[in-house]
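Me: I would like to go through this structure with you, one part at a time. Could you help me read it?

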Amino acid sequence: MGASNSTSTLSSTFFLTGIPGYEEFHHWISIPFCLFYLVGITGNCIILHIVQTDPRLHEPMYYFLAMLSLSDLGMSLPTMISLLQVLWSISKDIPFNICVIQMFLIHTFSFTESSVLLAMALDRCVAICHPLRYATILTPKLIAKIGIAALLRSAILIIPLMASLAFFPYCHSHVLSHSYCLHQDIIRLACADTKFNVIYGLVVITMLWGMDSLGILVSYVFILHSVLRIASRQGRLKALNTCASHICAVLILYVPMIGLSVVHRFAKHSSPLVHIFMAHIYLMVPPVLNPIIYSVKTKQIRQGVLRLILPPKSVLL
């Protein structure tokens with residue numbers, strides 16, 4: 001029976017949902033979404049290009065920023081095609097295997113982004129607390145290991161959740177509540193005991209996001225302790241200013257994530273528009289705002305952007 005259920009599930013198809021009640025406006029609604037994707041993808045690609053081509057930015061802080069941009073692209077690109085297909089009335093159906101791949105990419109890069117933010121907090125902690133040892137502690141080899149570990153940790157922990165979905169029968173409606181596949185949306189349609197997915201998913205979220213957020217908090221405790229020991233007020237402000245972009249990036253990821261989790265667990269009977277709105281904020285806001293924040297708040301990135309769009313003589317160094 002298990003093999004039979006798995007075979008029928010793998011051949012099944014799900015149906016994506018746009019904006020319920022506003023189907024006649026989907027073409028117009030797609031315009032701001034296209035702009036968001038354009039800004040997010042272009043902004044992150046520009047940051048990757050600047051970090052790669054400018055030797056002055058081959059430092060730990062900017063390597064981690066490049067990892068953040070890759071995570072942002074990993075979160076936004078898997079949703080773009082299916083969302084625009086729904087809004088442009090091209091297709092609303094998605095095969096189960098494609099759905100699982102999309103879920104895997106969304107959740108993996110979401111957890112990876114959280115891990116990268118932790119690494120960036122540790123980077124700021126080392127830079128402020130141990131400035132003379134900064135280059136010797138955060139070597140390129142260690143940074144590469146951190147990036148690989150962040151991706152593997154997220155991917156390996158997600159695989160059991162994705163694999164278990166193939167063994168569930170989906171005998172009710174196959175209509176999803178979003179224009180892309182999310183794990184919590186799929187298990188809602190399963191006609192089987194999903195306790196493993198619910199409990200394991202909660203454990204994974206607690207382990208990854210909980211440990212990452214705790215690590216970020218502890219890092220900033222050490223940062224504040226070191227900053228308060230700086231004699232001059234100007235020196236304290238300068239040290240804290242180097243953390244401003246990172247603090248914004250943390251809030252941009254964690255606030256929508258917490259909001260989406262609360263809505264899914266405690267507001268199940270609220271309007272579908274609330275769930276859709278929160279999911280779009282969670283997946284689209286970080287990739288769009290992170291490049292803008294780092295371009296505005298980080299002088300070296302701002303100069304790199306200006307060099308790309310303005311003649312060399314126009315850029316004030």
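This is a predicted model: local features need pLDDT of at least 70, side-chain atom pairs count only at pLDDT 80 or more; totals for chains, interfaces and linings use all residues.

Me: Let us start with helix 4. How many of its residues are buried?

Reply: Helix 4 is mostly covered, with 26 of its 34 residues buried.

Me: And what should those 34 residues span?

Reply: They should span 50 Å at 1.5 Å a residue, and the end C-alpha atoms of helix 4 are 49 Å apart, so the two values agree.

Me: At what angle do helix 4 and helix 6 pack?

Reply: Helix 4, residues 96-129, and helix 6 pack at an angle of about 145°. Their axes are 8 Å apart, and the crossing is right-handed.

Me: Which residues meet there?

Reply: From helix 4, the residues include F96, V100, M103, F104 and H107. They and others meet a set in helix 6 that includes I146, A150, L151, I158 and L165.

Me: What about S110, buried or exposed?

Reply: S110, which lies in helix 4, has a relative accessibility of 2%. The cut-off for buried is under 20%, so S110 counts as buried.

Me: What is S110 in contact with?

Reply: Leaving aside neighbours within four places in sequence, S110 is in contact with M75, W209 and Y282.

Me: How are the rings of W209 and Y282 arranged?

Reply: Their centres are 6.5 Å apart and their planes stand at 90°, so the pair is edge-to-face. W209 lies in helix 8, residues 195-227, and Y282 in helix 11, so the pair ties together parts that are 73 residues apart in sequence. Both W209 and Y282 are buried.

Me: How many aromatic pairs does the structure hold?

Reply: The structure holds six aromatic pairs. One of them is formed by F14 and Y170, which is edge-to-face, with 5.3 Å from centre to centre and 85° between the planes.

Me: Where do F14 and Y170 lie?

Reply: F14 is in strand 1, residues 13-15, while Y170 is in the loop between helix 6 and helix 7. The pair links distant parts of the chain, 156 residues apart. F14 and Y170 are both buried.

Me: Which residues do ring pairs link into a cluster?

Reply: The cluster is made of F14, F96 and Y170.

Me: What about the span of helix 11?

Reply: Its 26 residues, 272-297, should span 38 Å at 1.5 Å a residue; the end C-alpha atoms are 36 Å apart, which agrees.

Me: Now helix 2. How far does it reach?

Reply: Helix 2, residues 26-53, has 28 residues and reaches 40 Å from its first C-alpha to its last, close to the 40 Å expected.

Me: Which of its residues are buried, and what do they pack against?

Reply: The buried residues of helix 2 include H26, I29, F33, Y37 and N44. The buried residues of helix 2 pack against helix 3, helix 11 and helix 12.

Me: How far apart are L310 and L189 in space?

Reply: L310 and L189 are 52 Å apart, C-alpha to C-alpha, and 121 residues apart in sequence.

Conventions: Residues are numbered from 1 along each chain as its sequence is written. Side-chain values use heavy atoms; hydrogens and water are left out. Helices (H or I, at least four residues) and strands (E, at least two) are DSSP runs, numbered from the N terminus. The expected span of a helix is 1.5 Å times one less than its number of residues. Rings of Phe, Tyr and Trp (its six-membered ring) pair if their centres lie within 6.5 Å; planes under 30 degrees apart count as stacked, over 60 as edge-to-face and the rest as tilted. Buried means under 20% relative accessible area, exposed over 50%, partly exposed in between (1.4 Å probe, protein chains only). Axes are lines fitted to C-alpha atoms, for helices over the stretch in contact, and angles run from 0 to 180 degrees between N-to-C directions. A crossing is left-handed if the near helix is turned anticlockwise from the far one by less than a right angle, and right-handed if clockwise. Contact means heavy atoms within 4.5 Å.
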